Amino acid sequence: MKNASALLISVLAALGAALLATLVLWLGVENGRFAGGLAVLAVAAFAGLATHCHLRRQWQRRNGEQSALAEHVRRLGDGVGGVDESALQTAGALSGLATVTLEVRRLREIAEGVHGVEALFGSALELQWISPSIHRLIGRTPQECTRAADPIALLVHESDRLYCRRMAREVIESNAGRDFEMRLLGDEGRVCWVACHWRPQHDDDGQVCGVRMSAEDIQGRKEAEYKLLETVAELRRAQALRENYLSRSNDERQRLAALLNVIRLGILFMDREHRVTYYNRAMLDIWRMPANENLIGVRDVVLEHKVATLLEAPEAYFAHIREVVTSRGEVSEPHEFRLKDGRILTDLSSVVSSAAAGGARGIGRVWIYEDVTEQRQVAEKLVALAERDPLTNLFNRRRFHEELERLLADASRRGVRVGLLAIDLDGFKPINDEFGHQAGDEVLVTLAREVGGIIRRNELFFRLGGDEFGVLVPDAESTELVGLASRIVRGIEALRFTFDGRPARLTASLGIALYPDHATNGEALIAAADHAMYRSKNEGRNRCSIAGED
C-alpha cells in the first residue's frame, strides 16, 4: 500500500511535468527562453511536491513505528510485573537513535543522488561538506575538496576566483543570497560552467555562520551560446560584405578596378573598423600574395600576421602603422622599409573623407605601397660612381674633400686632432710606360688591396688621382701617424710584380700633416702634407716626413 502511494505521487508529478512541457513547445521558438524557464520551474515544483509527500508519509510511518514500539514496551512491562521508569527512558532513547540513524542514511542517499553540486562553507570560507556529485562534474572527490587548504582556489577557475570570494563574503556580510555564473576547474585542466546560488546559513542565535552553495551544470548551454555567437559573427561578416557590394554601382566598380589594376602602385582601403574594403592587383604582387587571395573584410591584425614573415623589422613597421593611424594628420609622410628578400618599399596613407558627412568624418584610410628597390639601386650606383674610383673602388677626390671638411669640423668641436697622409708612388710611371696601362692598372688595384689591409677601420683610404693616394685619420697623434706611414711604406716596398716575364717593383714617398698643429683648414692641411711628401722624395724616396720638420 505504501509503495503504491509513492508510485501514484510520482506518476502524478510526471504527468504534470509532461503537460507543462507540451505547453512550452506550443509557445514557439520566439518565446523559447521564457518557455524554458517555465518548464524548469514546473518540473522543480512537481518534484518538490512529490518529495514533500513522500517524506511526510515516511515521517507518519516512523511515528507509527515509534508509538508501536513504546506500546510494546509498556505491555511487556505489564506482563512481567512492570518495568521501571529508567528502562522506559532507555527504550525511548534507543528508538530515537534508530530514527536519527535512519534519517542520516536517507539524507546520505538523497545527497548522493543530487544531480547538481551542494556545498557548505564556514564563515572563513573553509569547505565543511560537498556533495559526491562534484566527482561526476569535475573529477575531484569530496575528500580531496574538503582537505584542500584553499577550496576556492582548488575548485574555481583562476579568472573567477576573486569574484567568487567577493560574492561569498557579501553573502556573509549582507545576510542576503547571491546568484551568478562561474567556471569550476577540474583535474587535468577540465573546465565546467555552473550557475551558482549562494545562501547564508544561520546558527541557533540567528547569526550567519556560513554559506550554502547550490550549483547547476550549464556547460552545454555555454557551449551552445559560444557557437551561436560565432555563427552570428560569421553571418554579420557575410551581411556586411553583401551590403558593401550592393552599395556600389557595378559599372563604376568595374571601371575603378580596371584603372587601379593597371598602375604599379599597391592600393589598400581600410574602413573605420579596420577591415579591408578594397585592394588592387599590384598590392598583392608587392606583398607576394597569391593572385586569387581574398582580403575583403579581413581585419588589420590578420593582415599584419600575413606580412610579418616578409618584413625585415616587423615590430618597427607595425609601430609606424600605429603612429600613422593615431596621428591627426590626414596625409602621412612617405615611409621607407625593407623586406627580407632585399626589396625596398615605401608606404603613404591618407584619410578618406565621407561625402555623406560633408567630409567632417573619415570613412577609413587608403594605403599606397610602392616598390622602390630599382630606384634605390640606381641611386646607389650613381652615388658610387660619384664618390668611388671605378678602378680600385676606393673613395675618390670628391669624397676626400667631403670627409676632410666633416672630420675637421668634428675635431674643432671636440678639441682633437686629424691626421692626413699624402702618398705618391715612386717608379709607377716607368711600369706604366714600359708594360702598358693594363700593367699599371694591375699595380694600382693590388696596391689598393694591400694598403687597404693595413688601414684600420676608422681610417679612410682615398685615390686622389693617377698614382696619388691619401689617408685621413680621426683622433690622431703624431706617433700613431708615423707608425702608420712606416707600415704603408714597408707594405708598398714589399710588393712584387712580373710582367712579360720581367720583375717590377715600386716604392712610395709619404707626407704627414696634423690639424691643427700644421694647418687650421682643409686646403692648408693638404698643402702641408704635400710639402712633406715632396721632401721625402727629395731626401731619397721610400720614406715618410712630417710637416714642419724642415
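Throughout these legends, a residue is called buried when its relative accessible area is under 20%, exposed when it is over 50%, and partly exposed in between (1.4 Å probe, protein chains only). The model is predicted, so local features need a pLDDT of at least 70 and side-chain atom pairs count only at pLDDT 80 or more, whereas totals for chains, interfaces and linings use all residues. Residues are numbered from 1 along each chain as its sequence is written, and side-chain values use heavy atoms, with hydrogens and water left out.

**View 1. Confidence along the protein.** The average pLDDT, which is the predictor's confidence in each residue on a scale from 0 to 100, is 82 for the protein, and 78% of the residues score at least 70.

**View 2. The salt bridge between D160 and R183.** A salt bridge is counted here when a side-chain nitrogen of Lys or Arg lies within 4 Å of a carboxyl oxygen of Asp or Glu, and a search of the whole structure finds 34 of them. In the pair formed by D160 and R183, the closest N and O atoms are 3.0 Å apart. The pair links distant parts of the chain, since D160 sits in the loop between α6 (151-155) and α7 (161-174) while R183 belongs to strand β3 (residues 178-185), 23 residues apart. D160 is buried, with a relative accessible area of 12%.

**View 3. The salt bridge between D341 and R343.** The closest N and O atoms of D341 and R343 are 2.8 Å apart. D341 is partly exposed at a relative accessible area of 48%, whereas R343, at 9%, is buried.

**View 4. The salt bridge between E468 and R397.** The side chains of E468 and R397 meet at 3.8 Å, N to O. Because E468 lies in strand β13 and R397 in helix α14 (residues 397-414), the pair ties together parts that are 71 residues apart in sequence. E468 counts as partly exposed at 32% relative accessibility, and R397 likewise counts as partly exposed, at 38%.

**View 5. A network of salt bridges.** E181, R221, K222 and E225 are linked in a network of salt bridges.

Methods
Helix = DSSP H or I, 4+ residues; strand = E, 2+ residues; numbered from the N terminus.
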